Amino acid sequence: MWRRVEQMVGRRFLKDMGRLGGSGIGGLLLQGRNRNQSRGCAAARGQAAQKGGSNVMGFGPGVLGSLDRIRILEKVKATYDLPVVTDVHESHQCEAVGRVADIIQIPAFLCRQTDLLVAAAKTGKIINIKKGQFCAPSVMANSAEKIRLAGNQNVMVCERGTMFGYNDLIVDPRNFEWLREANCPVVADVTHALQQPAGKKLDGGGVASGGLRELIPCIARTSVAVGVDGIFMEPLRNLEELLEELIAIARVTKGKKPLKIDLTPFKE
């Protein structure tokens, strides 16, 4: 699967990250915002992603809902020579989105929806399944298997945090280890893992989601040290500086290499 991604990408970031001896980041950087509202907004993000060294450009569900928005996605892909990833929310969207997107993403809240998973799989594209905030990592083995049973071996799973109370998420590093039981690449969605859903009261009434952006470097460092295959982040002004640090961590980590621990009682 990753050879296929590498063939599509071939960008300098991939050359820098490499496979690094089978440990650390596998070379996939997905970058983008949660919404795509206009052609100008999409183009600006394409420029930023290309400059920052991303090898896959992400667009949120705002790209869906109309043929015009799918054309925006196609235009950005062609202009900036970047593979693109976007969400699908309903089964009937998969075919049209699959004609343009290189990676189809299944939202966390829909990670167990069989009809959606099968429809996405039948496009033949790489499928990125986000782990539900309410799910144990073991659930993702079943979700990934649904993709394979539909005839598509190109699947990866994504950690994006677990609910901790009503308005907070936590990232349990153990999940990166357990997610490997799905027998596919594991990606860390660093930005959304720091979301605080409906945790901010608005002056005019109602609530909005916030987040702990200042902790992006913390979660990114942790993810790479454990040995994820890819990172998903929304744009950062100091992205290049952070990537340089993550590359350095990836070069020395043994996160994917099992360490046999002797658990027998110690005797002097």
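Glu-245 counts as partly exposed, because its relative accessibility is 31%. The cut-offs are under 20% relative accessible area for buried and over 50% for exposed, with partly exposed in between, using a 1.4 Å probe and protein chains only. Before I go on, this is a predicted model, in which local features need pLDDT of at least 70 and side-chain atom pairs count only at pLDDT 80 or more, while totals for chains, interfaces and linings use all residues. Residues are numbered from 1 along each chain as its sequence is written, and side-chain values use heavy atoms, with hydrogens and water left out.

What does Glu-245 meet in a salt bridge? The partner is Arg-221, at 2.6 Å from N to O. Since Glu-245 sits in helix H10 and Arg-221 in helix H9, the bridge ties together parts 24 residues apart in sequence. Helices here are DSSP runs of H or I with at least four residues, strands are runs of E with at least two, and both are numbered from the N terminus. Arg-221 is also partly exposed, with a relative accessible area of 35%. A salt bridge means a side-chain nitrogen of Lys or Arg within 4 Å of a carboxyl oxygen of Asp or Glu. As background, side chains of opposite charge can pair when their charged atoms come close.

How many salt bridges does the structure hold? There are 8. One of them joins Asp-102 and Lys-77, with the closest N and O atoms 3.3 Å apart. Asp-102 is in the loop between helix H5 (94-98) and strand E4, and Lys-77 is in helix H4 (residues 67-80), so this pair connects parts 25 residues apart in sequence. Another bridge runs from Glu-95 to Arg-99, at 3.4 Å between the closest N and O atoms. In that case Glu-95 and Arg-99 are both exposed.

Back to H9, which covers residues 216-226. Its buried residues include Ile-216, Ile-219, Ala-220, Ser-223, Val-224 and Val-226. Down the helix axis, the buried residues of H9 fall within an arc of 165°, so they line one face. The arc is that of the directions from the helix axis to the C-beta atoms. The general point is that an α-helix has 3.6 residues a turn, so residues three or four places apart point the same way. The cover over the buried residues of H9 includes helix H8 (174-179), strand E9 (186-189), strand E12 (230-233) and helix H10 (239-252), where contact means heavy atoms within 4.5 Å. Just after H9, Gly-227 has a positive phi of about 105°.

Next, helix H7, residues 139-149. Which residues of H7 are buried? They are Met-140, Ser-143, Ala-144, Ile-147 and Arg-148. These fall within an arc of 145° seen down the axis, so they too line one face of H7. On the other side of H7, Asn-142 and Leu-149 are exposed. The buried residues of H7 pack against helix H6 (114-121), strand E5 (126-130), strand E6 (155-159) and H8. Just after H7, Gly-151 takes a positive phi of about 95°.

On to rings. The structure holds 1 aromatic pair. The partners are Phe-109 and Phe-134, stacked because their planes lie at 15°, with centres 6.1 Å apart. Phe-109 is in the loop between E4 (103-106) and H6, and Phe-134 is in the loop between E5 and H7, 25 residues apart. The pairing rule takes rings of Phe, Tyr and Trp (its six-membered ring) with centres within 6.5 Å; planes under 30 degrees apart are stacked, over 60 edge-to-face, and the rest tilted. Phe-109 counts as exposed at 61%, and Phe-134 is partly exposed at 49%.

Last, two backbone notes. Most residues other than glycine have a negative phi. Asn-183, in the loop between H8 and E9, has a positive phi of about 60°. Asn-183 is exposed, at 64%. Ala-198 has a positive phi near 50° and belongs to strand E10 (residues 195-201). Ala-198 is partly exposed, with a relative accessible area of 38%.
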